[in-house]
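Here's a quick briefing to read alongside the model. Have the sequence and the 3D view open as you go.

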Amino acid sequence: MKNPFLSIIKGVKGSMRAIGGIFRSKYIEIILAVGLFILLDSGVLILNFYTSYQIANDAHAIQLASRMGTLSQSLLHELYQVQQDANNQDANYSESIDIFAKSYRLFDETLDAFIYGGDLIGVGQGQDALLKDTAYRDTSARVLKEAEEIWKVYRIKLKPIVYAYFNDPGREKILEATTIAIDYTRQQNDKLLELMESFATAVEGVAIRKAERLRTIQSIGIGLAVINFFLILFHFLKRLSKSDALVEKSRKETEDILENVNEGLFLLDKDYIIGSQHSKSLHAFFKDDNLAGQNFIDLLRPLVTEKTLDTVEDYTEILFSPRVNESLVSNLNPLKQVEINLATDATGFDIRHFSFQFSRVYDTKGFNNLLVTVKDISEQVKLSEQLKAANEKASKEIDMLLAIIHVENNMLTDFIRMTEDGLNNVNNILKKPAKTTDSLKNKLEMIFRIAHKLKGDSTMLGLEFVEEKFHSLEAAIVVLKEKQALTGEDFLPLVVQLNQLMSDFTIIRNLQKKMNAIDLSNMQLEPVLPVVGASLDIAADSAPETLWKSQLNALVKRVVTDYGKQAVLDMSDFDATLLSEEQIEPVRDIIVQSLRNAIAHGIETPESRENAGKPSEGNLKVKLTQNGSSLQLTIRDDGGGIDIEKIKSTALAKRLATESQLSTCQSASLLSLIFRQGFTTAQEGGLHAGRGVGMDLIKSRLGSLNGQFKVKFKAGRFTEFQFSFERERIAVQL
Amino acid sequence: MITEKDIEVFIDGIKHYFRTSTKMDIVVDPPYLISADEITVNDYTGIIGISGERKGFVLVTAPADMLRYLVLSLGEKSATPDLVHDVVGEVANTISGNARRSFGAGFMISVPLIVQGQPSRIGAAKDTNGYVIPSRWNTFSFHLVVSLQ
Amino acid sequence: MKMLIVDDSLIIRRKIEREINLPELTEIYTANNGQEAVEIFTTHEPELVTMDLTMPKMDGTECVKQLVSINPNTVILVISALADRATAIKAVKYGAYGFLCKPFTECEINEALTKCIAFSKELRG
């Protein structure tokens, strides 16, 4: 418990300190100056009182002096009255004696008072001092002396009459004394009057001189006070203007800082209001010139996401809480790096990245404001984003590069071109107006064929990641194909995948361009598909059949692995040089699709082959031979042949034919079913077969070659497809 | 990468607008892709800027004839240019509002900008394909273009 | 001074226990979810609490709320990954004293706890 007494002492000490503080402070001068001013002023005031008192006194003295002149005349006059009353037996003289005695006494006392400073009848007590004032005696000493001499005789001559007032001596005696007195008075009367008048004038003179002196002193006092006043005024005006200049200077400095600092600086109060003093750059940050007094949250609302805004509100709230450690929550600042979306007229948004920093502004009473610093870090963010994107792109590109680096360059070129053409075709197919479900279905079919073909190509080149993408595109199309009614919107997933593929191929094309820029022939790479030929540029033309073989071998290897089967490819009777340039692509497509079908549907699993007494490894034969003016392409597998019953049941299930139709038709027309769109006997669509598009693609490719085909098979033994088409021209042989 | 769902939000927005305000559904034709420099617009275009987790824009562009018809079918006596301009804004606003609701907190959807004729600049990223969603309303055809990174 | 470590990860609890070297902290308790934290808090009345945010049974934010309602003078340090920024801010709003970002160094945890201890002393006069 605190001692209350101690606290009182503390309080007193405090207030004393406070007072001491005032005296030590810059106010000491003004306090002293004002004190002096008051002192001078009160001095003048006191002098004023004294002067007016003196003047009143002097006026009284003048009045008394003049009265003595009058009294000297009255005395003679009253003596006559006494004589007259004494002569008249009937008259009572005591009254006139009384009047005379009064005047006598008055004159006597007044004169006495003027000369010696005595009491005065009928005058206030305080007046003594005045009459004791030697000034009158000094100046009029001769006059007063003369008057006293005359009055002394007066006294002797007049006394008997005055005594008669107290002790009546009888009419006769009075008459006698009066006659003597009148005689003398008549002689001296004029003289006395003259003396008294000159005395009055002298007194007046003294009073005037005194008044003048006092006025001079007063003027000097007032003058000093005025001078003091002006000194104060001048001094403090100077001081004021000096401190004003300092204030102005610091204001200017603050303003200069706020005008020129690149960062946005402002104070934020508890109600999120932006302070009036903020840096000019803040206007540019927010594209707003009237930020003072605005609500910070409202200002941010259209610029950031709702999520961010909520967090900002919470964050500023905790910063204002005295129960929270500022440094321990600085990590949580949600605006450390924030995307700001400033609306512009042309593009809708101008995206900037700002960094806001909040710090508490402490004063003696704690903190009521946050100092907010805003920096535009768009450039840094852009750089780091670019770096990140570049890294991502690079790692994606490395994956792709690792995949495509094994593909022979010319083939890759062809592949990229064909795929990009194919993807553009898909887009063009989408673009063509189609309003009916049928036309939409037709679109799907066309797109599916392209996708399937491109998938085959990528399989052939061993580009599995591309193959998978086309496979999922196919899957998406299959979903749509099964829908009863199609709308344009249903195509959306395809378009999204198409977009992805397009952008992948842009990357692949750019990668290839970069690869071409460096001489790969010097690199110690071992391609999966051996590159034959002196240089990459002429590889495809120099030994086409070798290339065909290696690519197709790779395809077969991959497909058999996927199906868990075993097979070898025999291309000993394949003469690629027989094909014209235009024929290469369709022929390759036909071979690829046929081989995939052969492995998927023809070649049996190693176990069932062994059970059937066949070697576990299947045999695939691809022949290209000339027969007169036409070429014959044969693809034969030693698998299980074609299962007619399976075709029948599939045809029934897919409602491609009725049971009665099937029972009457020939095997040949049954076989034609396998070339129908969507026909497949595979249970589920795998990567290589089962979408029912392979045969359809073969048919359309054969169409472009103007060719025909035959199918031969023997159940449990083999299947052979024979395609024949015209030979166009002989490919250049090297 | 843009997802189907993102695009569907915009399609739903525009469908919703026509269904509720004209009682006539729009027909959406198969979408296709378009590169940034291929984007062409019709007489009137409403553009909405998008930023935040995804960046890009959405625009709806329609012929003046359709918009005039739309204005009249909304109950106006005559289709003044002002009203035509306004109605594009309203369509765009609806899409924008729908997007704001669906995309939630991580997206910024701008106030639509209405342009008559060719806009001075469309802020499409060079290597980003736009999705064109051709649509028809009452025999008129118009386009929704979505371009998001 | 007593401290309670609330975290559902044993590794983190052990890491905190191992790394703190502050003589003021004389007793350390641990809890692996919010409910347990409230129980231990009520029995042992620790002055300091470190709080994870994502936990089973009762999450950190709710736990902060409850602990503060039991004893408003408790000093709570939220320890979580920056990905939960919004949640962490909420937790601080409900009465935590500060936040430490996971992963943290030995120096960081000691510095943060020193500040917490100072504040706790200030609160208790």
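Leaving aside its neighbours within four places in sequence, which residues is Arg609(A) in contact with? They are Ile603(A), Glu604(A), Lys614(A), Pro615(A), Ser616(A), Glu617(A), Gly618(A), Asn619(A), Asp638(A) and Gly639(A), where contact means heavy atoms within 4.5 Å.

Before going further, a word on the ground rules. This is a predicted model, in which local features need pLDDT of at least 70 and side-chain atom pairs count only at pLDDT 80 or more, while totals for chains, interfaces and linings use all residues. Residues are numbered from 1 along each chain as its sequence is written, chains are lettered from A in the order in which they are written, and side-chain values use heavy atoms, with hydrogens and water left out.

- Arg609(A) sits in helix 20 of chain A, residues 606-611 (helices are DSSP runs of H or I with at least four residues, strands are E runs of at least two, and both are numbered from the N terminus).
- Arg609(A) counts as buried because its relative accessibility is 0% (buried is under 20% relative accessible area, exposed over 50%, partly exposed in between, with a 1.4 Å probe and protein chains only).
- A polar atom of the Arg609(A) side chain lies 2.6 Å from the backbone oxygen of Pro615(A).

**Where chain B meets chain A**

- The contact takes 34 residues from chain B and 34 residues from chain A.
- Together the two chains bury about 2,900 Å², with 63% of it on carbon and sulfur atoms (buried area is the accessible area, 1.4 Å probe, that two parts lose on being put together, summed over both).
- Pro30(B), Leu33(B) and Met108(B) supply 21% of the area that chain B buries against chain A, more than any other three residues.
- The rule finds 2 salt bridges across this interface (a side-chain nitrogen of Lys or Arg within 4 Å of a carboxyl oxygen of Asp or Glu).
- Lys15(B) and Glu489(A) join their side chains in a salt bridge, at 2.3 Å from N to O.
- Helix 1 of chain B gives the most to the side of chain B that touches chain A, with 6 residues.
- By class, that side of chain B has 16 nonpolar, 9 polar and 9 charged residues (Ala, Val, Leu, Ile, Met, Phe, Trp, Tyr, Cys and Pro count as nonpolar, Asp, Glu, Lys and Arg as charged, and the others, Gly among them, as polar).

**Where chain A meets chain C**

- Here 16 residues of chain A are in contact with 23 residues of chain C.
- Chain A and chain C bury about 1,600 Å² between them, 60% of it on carbon and sulfur atoms.
- On the chain A side, Arg323(A), Leu328(A) and Leu332(A) lose the most area to chain C, together 45% of what that side buries.
- This interface has 3 salt bridges by the rule.
- Glu317(A) and Lys93(C) meet through their side chains in a salt bridge, 3.7 Å from N to O.
- Helix 10 of chain A provides the largest share of the side of chain A that touches chain C, 5 residues.

**Helix 2 of chain C**

- In this helix, residues 34-44, the residues Gly34(C), Ala37(C), Val38(C), Ile40(C) and Phe41(C) are buried.
- The buried residues of helix 2 pack against strand 1, strand 2, strand 3 and helix 3 of chain C.
- Just after helix 2 of chain C, Glu45(C) takes a positive phi of about 45°.

Methods. Polar contact = N/O pair within 3.5 Å; in protein donor to acceptor, adjacent residues only side chain to side chain.
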